[in-house]
Amino acid sequence: QVQLAESGGGSVRAGGSLRLSCAASRNPLSRYFMGWFRQTPGQEREGVAGISSRGTYTFYADSVRGRFTVSRDNAANTLYLQMDNLQPWDTARYFCAASFTHRATATEALRPDYPHWGQGTQVTVSS
């Protein structure tokens, strides 16, 4: 069973950038479809981005398309989320997730029903 650990969160001003990483262990990242999600207190977990096992296909929530970029380095067993032009409403705890099953649509990729999750990393954006 894969284990996931996020890093790279922090506090930035509006318009700034952060790069989140998700390191996989115990199983090769290349076996999994990966997703990024975020959650604020009292809210449901929201899909942000998804990427197929080889990086061929990517999916984005409308709220982040054009500002966030998901990528992966399977040789390094690491998933990334480059976040540019961050805004206060991006403030949330960000989680990476892994699914052994391929997800062929944005709806599937952004649905928070992945079986494996990291603990998350906090992103705070001030105005």
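Predicted model: local features only at pLDDT ≥ 70, side-chain atom pairs only at ≥ 80, totals over all residues.
Let's begin with strands β7 and β8: 6 bridges join them, and the two run antiparallel. Strand β8 covers residues 78-83.

Which order do the strands of the open sheet follow? There are 4 strands, and the order is β1-β3-β8-β7, with antiparallel pairing. At the edges you'll find β1, residues 3-7, and β7, residues 68-73. Each of these edge strands pairs on one side only. As you step from one strand to the next, the twist averages 15 degrees.

Next, the cysteines. How many disulfides does a search of the whole structure find? The search gives 1. That disulfide joins C22 to C96, with an S to S distance of 2.1 Å. The link connects distant parts of the chain: C22 sits in strand β3, residues 18-25, while C96 sits in strand β9, residues 92-99. The two cysteines are 74 residues apart. So, coming back to our sheet, β3 is one of its strands, and C22 is in β3.

Are these cysteines buried or exposed? C22 has a relative accessible area of 0%, so it counts as buried, the cut-off being under 20%. C96 is buried too, with a relative accessible area of 0%.

One last detail, for those who like geometry. Why is the disulfide called right-handed? The torsion about the S-S bond of C22 and C96 is about 65 degrees, and that is why the disulfide is right-handed.

Technical notes. Residues numbered from 1 in each chain as written. Heavy atoms only, no water. Disulfide = S-S within 2.5 Å. Buried < 20%, exposed > 50% of the residue type's maximum accessible area, 1.4 Å probe, protein only. Pairing = 2+ DSSP bridges. Axes fitted to C-alpha atoms, helices over the stretch in contact; angles between N-to-C directions.
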